[in-house]
Every structure is written in C-alpha cells, then in structure tokens.
Amino acid sequence: MKFSWDTLPRPIVALAPLAGYTDSAYRRSVKMLSGTENVVCFSELTSVAAIHHKSRESYRMLDWHPDEFPLIMQLFGKETEFFAEAGKILEDMGIAGIDINMGCPTCKITSNECGSALLKNPQLAAEIVHSLSRAVSVPVSVKTRLGYDCYDEKRFMGFCKGVVDAGAKLLSLHGRTRTQAFSGVADWEPIYLAKRELGINVIGNGDIKSVADAHGRLGNLDGVMIGRATLGDPWLIAEVAAAFRSEIYVRPAGMLEKLPLIRQHVRFAVEGSNEVKAIRELRKHLASYIKGFEGAKMYVEKIMKCDTLVDVECIFDEMEAVLAERLVAVA
Ligand SMILES: Cc1cc2nc3c(=O)[nH]c(=O)nc-3n(C[C@H](O)[C@H](O)[C@H](O)COP(=O)(O)O)c2cc1C
C-alpha cells in the first residue's frame, strides 16, 4: 500500500514524535482507539549514525506493527549518506514515510549540528532531504521550528522553501524557536504563512490540548500535530479526528473505562520484548494514565516499583476492585 501525503483525507491528525514515549506500543494504542486513516503517528527520533553502526538499541526503536500504518519514522543526524542508507532500511521494513528531525532543541543533539541546529545550516538541511528523497520512494517530510535564536520571516520561509525544493513532501511546523524550547506560547501565524506562501502540505504543532484548540488552530493547514497533551490521554487523538469529521467521540467516562486500553498498552509493550525493560520504560506512561485518579500518589509509587506484567496487572486489579466498591457505595 503506497502512502502519499497528498491523498490522505483532510484534516490530518498526527501524533507528534516524543522521544521516550511514542514507541510502537503507544502508537498502536493510539491507532487502535482512532482507527481512521487520517490519524498518522510519528515515531520517536532515531539516529542515522546509530543505524549505520548497527546499534542494537536503535534497531529496536525501529520496531513497528502493521496496525500502525501509515507510520512515519523519524530520523536525525547530519551525514547525508547515512540518511540514504537508513532510508532504504526503513523502506524495506514497509513504513509509510520518513521524517527528518530539524527541530530538536536539546544540547546533546544541537551540539552535534543535528536537530534544530540545521536551521542554521539550510544548505546541509536541503542536502539531507535531497539525499534521502533520492534514495527512497516513500515520501520524505521535515519537522522543524520557526527559527534557531529568533523568528525571522525571510530566513524561515527560505529554510522551508529550501527543504521543499529538495524533495520534502510535508512540513510539520512547531510554532516556537529553538531558544524558546517549550516555553511561552506557540505562534501559529508563521505556520499559516508558510502554507499560504509555499502551497505545500503543512501540519501545525504546538500547545493543542483539546478539540477546541484543534478546531481553533487548524486554519488553512492540512492538519494538526499533538504531543504532550496525549500523554495519559491517547483518547484525545481519536476525539480530535472524530471532531474533524463532525462526529462525536465518546470518551471513557472514568478510570474503570480507561483500564482496558491501559492494559492493552501494557500487553503491546511486552509483546516480543524484554519484559522487565518494557515495564520499566512504561512506568512513566502508566503514571500519566492514573494522574488525577483518587489515591494516584500511592498507585504511582507502586507502579514505579513494577518490573513485570503480573506486577502491573495486580495494581490494575486492585484499582478495579476499589472502583467497583465505590460504584456499589454510590448505588
Ligand atoms: C518528551 C518530549 C520528547 C520529544 N521528542 C521529540 C522527537 O523525538 N522528535 C521531534 O521532532 N520532536 C520531539 N518533541 C517535540 C514534540 O514533537 C512537539 O513538537 C512539541 O512537544 C510541541 O507539541 P505539543 O505542544 O503538542 O506537545 C518532543 C517533545 C517532548 C516534550
């Protein structure tokens, strides 16, 4: 099944790449809830150099399940030839598209001239896109920010035009600069301008926390991308996708109704993985899910000590029993 950004139903709803969170198990959970074609998940960023050096950990990050289709795998790096090499590997794995990270603000990435540091080197950014686009037949996209130190309209538009001319089929634009990192409020005006001026596929990103935010920010764009607000609330993606189709999505009424999805997420995570490692990596997701639940602090403490599927299931069984008792008490 060939994927194209051009033919995907609009508006697109994208799960943002979130390092340490948007792994295969989480993406599968998000897709399972939404089940619609226009929900697209982006993987967490993976280093092309690590793929080149056959790092086992990086290959593990490329794991995916067909239920996630259309999945976009995100790569970062600076070596044009490594992008071409990694791209071919990903294409052979059957993924839908490849995204290039040109927005990561962390020092670990930028000090190596990768991520948002590419905003300062538009020529290399374009060369990377060109090298990857030539090597693969799946669409290549770029995720970036409004600028490095500050927003300069001419520089930003020049950067976007450069990567589009080099072959990028879609831009995901986060309405902040590298210096802002995650502070302040995302500015969507330059994102609308990029869509208007360049006439290419553009997804807007930054600070969407609700259906109202998504409706309010969509404007002239092809879609919206949501990251942090989905943590503990993967139902938000399905809700926004339904709202964009003028449908109403029935959210789980409470924790009891959320538990089946949470349990499924845990099962996806341990499937074919080292169980202890998978459960440890999952702890932060589980803590997000139960935030706000009465007695959450005690359950989070217990979760932070979990190592196995049985440990986690026991906690959920306990929560279910407590919830059932509460229901009886209310009745
Ligand atoms: C914990 C965390 C990890 C992130 N990892 C990535 C990443 O791997 N690749 C990327 O392009 N952006 C990454 N981002 C940025 C998000 O994709 C997104 O652009 C940003 O969070 C703004 O969107 P939001 O307000 O909906 O969260 C990350 C952000 C956070 C908070």
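Predicted model: local features only at pLDDT ≥ 70, side-chain atom pairs only at ≥ 80, totals over all residues.
**Entry 1: β3 and β4**

I began with strand β3 (residues 71-76) and strand β4 (residues 97-102), which pair in the parallel sense over four bridges. For strands, pairing takes at least two bridges found by DSSP between them. Helices (H or I, at least four residues) and strands (E, at least two) are DSSP runs, numbered from the N terminus. Across this pair, I found Q74 opposite D99 in β4.

Residues are numbered from 1 along each chain as its sequence is written.

**Entry 2: helices on the strands**

Next I looked at helix α6 (residues 122-135), which lies across β4 and β5 (140-147) and runs at about 165° to β4. Helix α10 (residues 235-244) packs on the sheet too, touching β1 (12-15), β2 (39-47) and β8 (223-226), and its direction makes about 170° with that of β1. Axes here are lines fitted to C-alpha atoms, for helices over the stretch in contact, and angles run from 0 to 180 degrees between N-to-C directions. Contact means that the C-beta atoms of two residues, placed from the backbone, lie within 7 Å.

**Entry 3: the barrel**

How many strands form the closed barrel? I found eight, running β1-β2-β3-β4-β5-β6-β7-β8 with parallel pairing. From one strand to the next, the twist averages 30°. The chain has 14 helices and eight strands.

I then followed β2. Three bridges pair β1 and β2 in the parallel sense, with V40 in β2 as the bridge partner of A14. On to β3, five bridges join β2 to that strand, again running parallel, and C41 stands opposite L71 in β3. Eight of the nine residues of β2 are buried, so this strand is largely enclosed by the rest of the structure. Buried means 20 or more other C-beta atoms within 10 Å of a residue's own, exposed means 12 or fewer, and partly exposed is in between, with C-beta atoms placed from the backbone.

**Entry 4: V30**

Is V30 buried or exposed? It counts as buried because it has 25 C-beta neighbours inside 10 Å. V30 sits in helix α1 (residues 24-34). Leaving out residues up to four places away in sequence, V30 touches L15, C41, P234 and I237. V30 and L15 are 15 residues apart in sequence and 8.1 Å apart in space, C-alpha to C-alpha.

I noted a cis peptide bond between R10 and P11, with omega about -15°; P11 is in the segment before β1. Another cis peptide bond joins F69 and P70, with omega about 0°, and P70 is in the loop between α3 (56-61) and β3.

E113 is not a glycine, yet its phi is positive, about 65°. Its place is the loop between α5 (107-110) and α6. D207 also has a positive phi, about 75°, without being a glycine, and lies in the loop between β7 (201-205) and α9 (211-218).

**Entry 5: around the ligand**

Which residues come nearest to the ligand? Of the 21 around it, A16, P17, L45, G227 and R228 do. Being near means that the C-beta atom, placed from the backbone, lies within 6 Å.
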